[in-house]
Amino acid sequence: MGPGRSTSLQKQLLSRLKHAILEGRLPAGARLPASRTLAEDLAVSRNTVSIVYDQLAAEGFIVPHRLGTRVAQLSLDPHFAAEAAKQKAEALTLPPALDEPATTPAASRRIQRLPSTRHAARADETPLPFTPGVPALTRFPASTWRRTLERVMREAQPRHYHYGDPLGEPALRDAIAGHLRISRGVRCDASQVVITEGAHEALILCVRLLTDPGDTVWMEDPGYRGAKAAFHSSDVRLQALRVDDEGIVIPEGLWETSPPRLVYVTPSHQYPLGSVLSASRRLDLIAQARRHGTWILEDDYDSEFRHQGEPIAAMQGMVPESPVVYVGTFSKTMFPALRLGFLILPTALATQARDALDELLRGGHRFEQLALADFIRSGQFARHLGRMRRLYRERQTALRDALARYFDPAYAVIGERCGLHLTVRLDPAFPDKAIVAAAQREGIGPRALSSFALDPQPTDNGLVIGYGDTDASRIPGLIKRLAAIVATQKRTAG
């Protein structure tokens, strides 16, 4: 018998004896066969049985004794035992003291409040065409990125394998600050930049830094589901505010009756409706926030991709020392698996929160961060953005043309010519969730507009169609199929 086979037999025997004890088939006090006897019965070496008995004794399953090894007295969970018995299709008799029904601990109320933000696509699956939020994955310059990453790793010192600065690699923070000052009009330097594991971690970090239990948070409605999840995971009171063609609408008197601690907005390209927060509303929001001690959380998720004119400048840079925390991500401009996002904190907050950030964060992804810094400084990032703007402009145009050609039901395309998605508003007679369910069965992945709303209204019925990862040549045929699905759901609804 070779070493590999001996080890395998040990593991099998150990597992079977453990399960027999846990399932009650070997009850407490039961005497186990002598090692020699069991070895002969199983046709294995006595050494194999002795090793297994030693391991069971070390883990507390059995009690060795000169008069014979016996099963230890364990506090068996009847729920576990019943489930194990069901799986094994064997009868199980539990001690009388364990007959009480088991109670499984529940998750926290915060976790139970979380909306489901996952859809049909799962890890390692190719996104369906028209899935929102997915960039052109096949157009990313993977070979250039690979060479950059390999060069960084070749030149790495032993210290680079240790934890880095909790706020992120200085080279990347400096590169991001320089890029944002030029491309987005953000007022910042490297000391204000905090690198996070994507925008979602950035949002959760903002909630932890800027709110206390019971605080009020205002959020656009319909709005980004990931932000809803971040707020629901904390003990804040979430208040939904409607959105129109000029962005978030703040009702008269709400600042006095329900002042927020935090306001979440996507001002340069509202998600999912696509509107731009007007300059007058931006300035009024900043002024009111200063007056009431409120933080503004500006999520600038995809406004690098504006298809007409220059990108809309960030709200953060409109006035000096604004109470705006700026959130960005490389998931749309690079690729989602990179998992790198960032915060731009106001100078005073960056100083005040430094110790807390040192405790909350751990510097990681160092090679990816250093490679990204080089990718930005070398001009590769700007060239990639330029190529993607042209590509997404072409794909959005193809989508608009296909909608005009094939969509029979009355619809309205809402939002600016920007980003990676279009939103199509439909008459309530065409139920968006039923349409999306049918479309996904057909291999098409739009999202229901109503699923983005905290307090859905009749106007929140429509389709959010992503075109970032869908080739322009495929768009007409896909829209024709989607239009047929929409018509079918209308007949079903009627």
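How many nonpolar, polar and charged residues does the lining of the second largest pocket have?

**Entry 1: basis.** I worked from a predicted model, in which local features need pLDDT of at least 70, side-chain atom pairs count only at pLDDT 80 or more, and totals for chains, interfaces and linings use all residues. Residues are numbered from 1 along each chain as its sequence is written, and side-chain values use heavy atoms, with hydrogens and water left out.

**Entry 2: pocket.** I counted 8 nonpolar, 3 polar and 4 charged residues in the lining (Ala, Val, Leu, Ile, Met, Phe, Trp, Tyr, Cys and Pro are nonpolar; Asp, Glu, Lys and Arg are charged; the others, Gly among them, are polar). A pocket is an open set of points on a 1 Å grid over the protein atoms alone, where a 1.4 Å probe fits, with protein on both sides within 12 Å along at least five of seven lines; lining residues have an atom within 4 Å of a point. Of the 15 lining residues, I250, P251, E252, W255 and D284 lie nearest the centre. I noted that α11 gives the most to this lining, with 5 residues (helices are DSSP runs of H or I, at least four residues, numbered from the N terminus).

**Entry 3: helix contact.** I then looked up α8 (residues 198-210) and α9 (residues 225-232), whose axes, lines fitted to C-alpha atoms over the stretch in contact, come within 9 Å. Contact (heavy atoms within 4.5 Å) is made by H200, L203, I204 and V207 of α8 with G226, A227, A229, A230 and F231 of α9. These residues divide into 7 nonpolar, 2 polar and no charged.

**Entry 4: G198.** I found G198 in helix α8. Beyond its neighbours within four places in sequence, G198 contacts R339, L340 and G341.

Conventions: Helices (H or I, at least four residues) and strands (E, at least two) are DSSP runs, numbered from the N terminus. Axes are lines fitted to C-alpha atoms, for helices over the stretch in contact, and angles run from 0 to 180 degrees between N-to-C directions.
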